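Hi there,

Here is the structure I promised to pass on to you.

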Amino acid sequence: MLKRVLHALVTLCIVIVIVFVLLRQMPIEGYFNNFDKLSDAQIKVGLQQLGLTDPLPKQVLNYFVQLLHGDLGTSNKYREGYSIAKIIAQKAPVSIQIGLISFAVSLAAGLPLGILMARSTRTRLKVWDKIGTVLIVVVQAVPSAVYHLLIQLYGSELLGVSMLFNTRSAATWILPIFSLSIGNIAYYAMWLRRYMVDEANKDYIRLARAKGVPAARISRNHVFRNAIVPLVQYIPNSILFTLMGSLYVESLYSIPGMGGLLVQVIKLQDNTMVQALVLIYAAVSVLGLLFGDLLMALVDPRISFTAKEGAR
Amino acid sequence: MTFRSMKAAQLEAALNEDLKKQTDPTAAYADLPEEELFTPADFDHSRAERGGYSNYSYWGATLRAFFKNKVAVFFLCVIVVVVAFTFIQPLLPGQHDPKTINNDPATGVQIINRAPDSEFWFGTNSIGQDLWARTWAGTRTSLGIGLAVACFEALFGTFIGVLWGYVRKLDTFFTELYNIFDNVPQTLVLILVSYIMNPGVGTIIFALCLTGWLGMARFIRNQIVIIRDRDYNLASRCLGTTTGRIVTKNLLPYLVSVIALRMSLAIPAAIGNEVFVTYIGIGLPTDIPSLGNLVQAGRLLMSQPSLRYQLLFPTAVLALITISLYVVGNAFADAADPKNHV
C-alpha cells in the first residue's frame with residue numbers, strides 16, 4: 001500500500017519536471033502581456049525577474065520550492081499579475097460540483113442499464129440488450145468532440161434551454177451533465193453487462209436456478225453482488241473520462257470552470273497558466289488512479305499490494 | 001364389423017409381427033436397404049500408414065467467421081466505398097477544388113453560405129468554398145493521419161512489447177516506465193505537444209504517436225509473457241533457433257489479429273483527437289481541409305438553423321467512418337479468436 005502511494009508521488013514529481021522542461025521550449029512571448037512594445041533590454045530584465053535565465057535544473061528546483069509553498073505562480077495574460085492559485089480557487093468549485101453530479105448520474109444510469117441488458121440476454125428478443133449495444137457502440141465509436149456538439153445542438157432545442165451555461169438557472173445544468181455522463185454510462189453498462197453475463201453462467205447460479213430460486217433474487221443477491229466488484233477498477237478511469245471530457249464540455253457551454261479555463265489560456269498563450277493547469281490535471285489523474293487501486297484493495301480482500309503484481 | 005373389432009384385429013396383427021421379429025433377430029432389419037447395414041471392413045495397409053490431416057486454415061476460418069456477421073460485412077463495404085470514394089472524388093467530372101473560393105460568374109460576388117443545391121451538393125461555406133469537395137478532402141487528411149498513427153502504434157508498440165515481454169532483464173525497467181507514463185492522460189500530452197510545436201499535420205501525428213503505443217506495448221507484452229515459455233517455444237530454443245526467428249515465426253503470428261484490431265480502433269481515436277485539438281485552437285491550420293477543421297467551422301455557425309448543414313455533413317461522414325471502423329474491428333477480433341472457429 002505504502003509502495004503504491006510512493007509510486008504515485010514519484011510519478012507526480014517526474015510529470016512536473018517533464019511538463020516544466022517542455023514548457024521552457026515555448027516562445028517567450030507567452031510570458032509578457034505586451035511583448036511587441038517591449039525593447040530587448042526590457043525583455044531581458046523581465047525574464048530575469050521571472051527566473052527564466054537561470055540554468056534549467058535550478059529553475060526546476062525553484063519551481064518545486066515554490067509549489068511546496070502552495071504558490072502556482074502568477075498569470076501573465078489571462079489576468080495580468082493575478083495569483084493563479086486565486087483564479088483556480090474561484091473556478092474549481094463549479095468544476096467539482098459538475099464532476100461529482102455527473103459521476104453520480106453515470107452510476108445511477110449506467111448500473112441499471114447494465115443490469116437490464118444482462119437480464120434481457122436471457123429473454124428471446126433481447127430488446128434491452130440490443131438498444132444498449134447500439135448506445136455503447138455509438139458512444140464508443142463516435143469521437144466525443146462530435147457527440148458533445150450534437151447533444152448541445154439538439155438538446156438545447158429539444159428542452160428549449162439556452163446553449164450556454166448559467167450557474168443560477170438549473171435547466172442549463174442538464175445538458176453539460178448529460179454530456180459528461182454519457183461516456184461513463186456506456187462504459188459502466190458495458191462492463192457490468194459483461195461481468196453479470198459471465199457470473200450468470202457459473203455453476204452455482206445454475207444450481208440456484210435449478211433449485212427454483214426466483215430469477216430476481218438470483219440476479220440481486222448473487223449475480224449483481226459479484227459482478228460489481230471488478231467494476232470498482234473502472235472508477236478511476238471514469239474520473240479521467242470526466243476530467244478530460246470537462247475540458248471540452250466546459251468550454252463548449254462556457255462553464256466558468258477549470259476545463260474551460262485551460263482551453264481559454266491555451267488560446268491566449270499564457271504559459272504560466274497552462275503550466276499550472278496541466279499540472280493540476282495531471283495531479284488529479286495520478287491521484288485518481290491511486291485512489292482506484294486503493295479502493296480495489298478495500299472492496300476485495302483478495303487483492304493486496306504486498307504481493308507481486310503478476311498481471312501488470 | 002364394428003370399428004372396435006376392426007381395431008382389435010389390427011392390433012393383434014401388429015403384435016404378432018413384433019413377436020416374430022423378437023424370435024428371429026434377422027427379421028428385425030430384413031426390410032432395411034442394403035447400404036444401411038454394417039459390413040465388415042477390409043484392412044488397408046496404405047491407410048494404416050497415413051498421418052493425421054486437417055484442412056483447417058487459420059485465415060480461412062477467420063474470414064468465414066467474419067463473413068457470417070452480416071452487420072460487420074455491411075460496415076466493411078461502407079469503409080471500402082468511402083475510402084475508395086475519397087480518392088475517386090477529385091477525378092470525377094464537374095468537381096470544385098476544395099480550396100478555391102467560388103465567385104458568381106454573373107456578378108463576381110463570392111457565393112457564401114449557399115444551401116445544398118445541384119451545383120454545390122453540400123452547399124458552400126462562409127467564404128464560398130465548395131463543402132462537398134472540402135468534406136472529401138478533409139476525410140482524406142483525417143484518414144491519412146489516423147492511418148499514420150495506427151501504423152506507428154502497431155510497429156513501435158509491437159517492437160517495445162516484444163522487448164518488454166521477451167527480454168527478462170528489461171521487464172522491470174519497462175514496467176516502471178509504463179507505470180509512470182500511463183498515469184499521464186493522453187489528452188494532456190496531446191494538448192501540451194500541440195501547444196509547444198507549430199500546428200500542422202506532422203505535429204498532430206507526432207503528438208498522437210507519443211502516447212498511443214503504450215497500450216499496444218502493454219498488451220503485446222502480456223501476451224508474449226503468456227506464450228513465450230510454452231513447450232513449442234522451449235523446444236525451438238533447445239534446438240537453437242535464434243531469438244529473432246522465434247519472435248517472428250512463433251510469437252508474432254499468434255498476435256496478428258489483435259494488432260489488426262488495435263489498429264482499426266486507433267484510426268477513429270486519432271480522428272476524434274484531431275477534432276478535439278482543432279477545437280481548442282491548436283490543431284491543423286485552417287487552410288488544410290480536415291474533418292476537425294470542418295466540424296470546427298460548422299460549429300461556429302450552428303446557432304443559425306439555416307446554416308446547420310455545414311456542421312451536419314462533415315459530422316455525418318465522420319460518424320459513419322468511425323462507427324464502421326469500430327464495428328468491423330470488433331467483429332474481426334471476434335472472428336480471429338480460434339475459440340469461435342468450429
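A word on conventions: residues are numbered from 1 along each chain as its sequence is written, and chains are lettered from A and ligands numbered from 1 in the order in which they are written. This is a predicted model, in which local features need a pLDDT of at least 70 and side-chain atom pairs count only at pLDDT 80 or more, while totals for chains, interfaces and linings use all residues.

**Confidence**

For the complex, the predictor gives an ipTM of 0.74 and a pTM of 0.75. The mean pLDDT (the predictor's confidence in each residue, from 0 to 100) is 81 for chain A, where 93% of the residues score at least 70. Chain B averages 82, with 96% of the residues at 70 or above.

In chain B the lowest mean belongs to helix H2 (residues 45-49), at 77, and the highest to helix H4 (residues 70-88), at 90. Please take care with residues 307-312 of chain A: pLDDT stays under 50 there, and the model has one contact for them beyond four places in sequence. Where pLDDT is low, the predicted coordinates should not be read in detail.

**The two chains**

Chain A has 12 helices and zero strands.

The C-alpha trace of chain A spans about 85 × 55 × 30 Å along its principal axes, and that of chain B about 105 × 75 × 40 Å. Chain B has a radius of gyration of 33 Å, well over the 20 Å that the globule rule gives for 342 residues, so it is more spread out than a compact globule. That radius is taken over C-alpha atoms, and the rule is 2.2 Å times the number of residues to the power 0.38.

Of the 312 residues of chain A, 33% count as buried; in chain B, buried residues make up 34% of the 342. Buried means 20 or more other C-beta atoms within 10 Å of the residue's own, exposed means 12 or fewer, and partly exposed lies in between, with C-beta atoms placed from the backbone.

Two residues are in contact if their C-beta atoms, placed from the backbone, lie within 7 Å. Among contacts in chain A between residues at least 6 apart in sequence, 71% join residues at least 24 apart. The corresponding share in chain B is 66%.

**Where the chains meet**

In the interface, 32 residues of chain B are in contact with 36 residues of chain A. On the chain B side, helices H6 (168-181), H7 (186-196), H10 (243-280), H11 (291-300) and H12 (309-336) each give two or more residues. By class, that side has 22 nonpolar, nine polar and one charged residues. Ala, Val, Leu, Ile, Met, Phe, Trp, Tyr, Cys and Pro count as nonpolar, Asp, Glu, Lys and Arg as charged, and the others, Gly among them, as polar.

Angles under 35 degrees count as roughly parallel, over 145 as roughly antiparallel, 65 to 115 as roughly perpendicular and the rest as oblique. Axes are lines fitted to C-alpha atoms, for helices over the stretch in contact, and angles run from 0 to 180 degrees between N-to-C directions. Ser144(A), Ala145(A) and Val146(A) meet Gly272(B), Val275(B), Phe276(B) and Tyr279(B).

**Within the chains**

In chain A, helices H10 (residues 235-252) and H11 (residues 258-268) pack at about 80°, with their axes 7 Å apart, which makes H10(A) roughly perpendicular to H11(A). This contact has three nonpolar, five polar and one charged residues.

In chain B, Thr203(B) lies in helix H8 (residues 201-227) and counts as buried, with 20 C-beta neighbours inside 10 Å. Thr203(B) touches Val193(B), Ser194(B), Met197(B) and Asn198(B), leaving aside residues up to four places away in sequence.

Best wishes

Methods. Helix = DSSP H or I, 4+ residues; strand = E, 2+ residues; numbered from the N terminus.
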